[in-house]
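Here is a short briefing on a predicted model.

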Amino acid sequence: MSKAEVLAVAKLHPFYRQALEAHYTVHDRSHELDPAGFEKLAPRLVGVAATGESLVPASLLQRLPAARVVSVFGVGYDGVDVAAAKTCGIPVTHTPGVLTEDVADLAIALVLSVARRLAQADGFVRAGRWLEGPIALGRKVSGARMGIVGMGRIGQAIAQRAQAFGMSIAYTARSAKPALPHPFFPDPASLAAASDFLVVITPGGAGTRHLIDAKVLAALGPHGFLINVARGSVVDEGALIEALREGGIAGAGLDVFADEPRVPQALLDMPQVVLTPHMASATTETRQAMADLAFANMQAGIEGRPLLTPVPEWTAQVAG
Ligand code: GLV
C-alpha cells in the first residue's frame, strides 16, 4: 500500500521530519518549489506539517480537499489562518506544554544576561580588556520588579522562576486571572511603568501586533529592560531601536525579531542588547518532545482519532 502524503510547508526540524518520513511521503514545500506539480498533488494531501513561524494561509487550505489536520511543531501558530481552517473543516494542532520550561528558562537567561552584561563580559575577557581595568557595573536582578505581558502557561513558569530571585511579579493579559496572587495591570504601558524587566510572552498574530510600542517603551524608561521571547511582531522594532539608541530604555534581550532570520544592523551594533536566534525551545530534549507530540497529532488527525493538542479555537468550535 502506498504511503499517505503530507505537505511540509516549511523546513522541518529533523526530529519531526524523520518521524513523519517513517510513515508518510513528505512533500517538502512543493506549494512553493513546484507550483505546477502542486496542482496534481494537492488533492492527495492528507496532512500539513508546519512550524511555529510558517505560513498556512487560506489560499493554501482551500486547495486541500483531503487534508485532515495541520500539525504545527511549536506552541505559536500565528502563521496559520485558523479561521480559514475552521471553514475548511481542517483541525489545527500545536505543541503546548512540552516547551514551557525551556522558554521560561531562556527568558530568565536573557534577564540575567542583559542585566549582568554576560555577552559583553565574555567578549571583554576574550579581547584582553580585563588587563586594562574592570568591566562597567551591571544591574541587580534579585529583588527587582518583573512585569509579564501574557500570563499563560509560559508566563506563569517565568513568574515562578523570577520569584526564586526574590523578584516581585505583576502582569497584563487579556483578562485578570483571579487565581494568581500577582497584581494585574490593564495594559502594557501601565505595567511597564511599574517594571524593571518587562518580559513579553504573549501569542503573536494580528491581535498583538506592535502591542509593545513607543509609548510602552517610554513607560518602561531609561532604567528598564525589555525581554522578548514571544514573536517579533509583538514589538514595534523601529520604536525599540529608537528607544535603545536614545537611552529611552536600558537594554533588551531578544530571541525573536520582525523579519527572522534577518536582524537589523542597528541591533547588531548595540552592546546593551543580547540577541539569540529564536531558540527558546531549542534543547535536544524539548525538540524531541515537540516532534513526538507534533507527529502524534498528525497521525491522530490522519487516522481520524481524537487529537492530542488541538489549538484552543478548534476545541471551542468542537465544544460549541
Ligand atoms: C516557537 O516560537 C513556538 O511557537 O513554539
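Asn228, Gly232, Val235, Glu237, Leu240, Leu254, Val256 and Phe257 line the largest cavity. About 40 Å³ of space lies inside this cavity. The chain itself is divided into domain 1 (5-96 + 285-319) and domain 2 (100-275).

**Cavity**

- The structure holds one cavity of 30 Å³ or more.
- Five nonpolar residues, two polar residues and one charged residue make up the lining of the largest cavity.
- Glu237 is a charged residue by class, and Glu237 is among the residues that line the largest cavity.
- Rolling a probe the size of a water molecule over the atoms shows where empty space is left.

**Second largest pocket**

- The second largest pocket holds about 300 Å³ of space.
- Its lining counts 15 residues, and the closest to the pocket centre are Glu53, Asp78, Arg231, Phe257 and Ala258.
- By class, the lining of this pocket has six charged, five polar and four nonpolar residues.
- Domain 1 and domain 2 each give at least three residues to the lining of the second largest pocket.
- Phe257 is one of the residues closest to the centre of this pocket, and Phe257 also lines the largest cavity.

**Domain contact**

- The C-alpha centres of domain 1 and domain 2 are 32 Å apart.
- Where do the two domains meet, and how many residues of each are in contact? Seven residues of domain 1 touch seven residues of domain 2.
- The size of an interface is often given as the accessible area lost when the parts come together.
- Between domain 1 and domain 2, the buried area is about 490 Å², with 47% of this area from carbon and sulfur atoms.
- Asp78, Pro96 and Thr286 supply 67% of the area that domain 1 buries against domain 2, more than any other three residues.

- One salt bridge is counted between domain 1 and domain 2.
- Arg231 forms a salt bridge with Asp78, and the closest N and O atoms are 2.9 Å apart.
- Three residue pairs are in polar contact between domain 1 and domain 2, counting pairs with both residues at pLDDT 80 or more.
- On the side of domain 1 that touches domain 2, three residues are polar, two are charged and two are nonpolar.
- Asp78 and Arg231, partners in a salt bridge, are both among the residues closest to the centre of the second largest pocket.

Definitions and conventions. Residues are numbered from 1 along each chain as its sequence is written. This is a predicted model: local features need pLDDT of at least 70, side-chain atom pairs count only at pLDDT 80 or more; totals for chains, interfaces and linings use all residues. Side-chain values use heavy atoms; hydrogens and water are left out. On a 1 Å grid over the protein atoms alone, a cavity is a set of points where a 1.4 Å probe fits but cannot get out, and a pocket is an open set with protein on both sides within 12 Å along at least five of seven lines; lining residues have an atom within 4 Å of a point. Grid points are joined across faces, edges and corners, and a volume is the space filled by probe spheres set on the points. Domain bounds come from an automatic or database domain assignment. Contact means heavy atoms within 4.5 Å. Buried area is the accessible area (1.4 Å probe) that two parts lose on being put together, summed over both. A salt bridge is a side-chain nitrogen of Lys or Arg within 4 Å of a carboxyl oxygen of Asp or Glu. A polar contact is a pair of N or O atoms within 3.5 Å; within protein, one must be able to donate a hydrogen and the other to accept it, and residues adjacent in sequence count only if both atoms are side-chain atoms.
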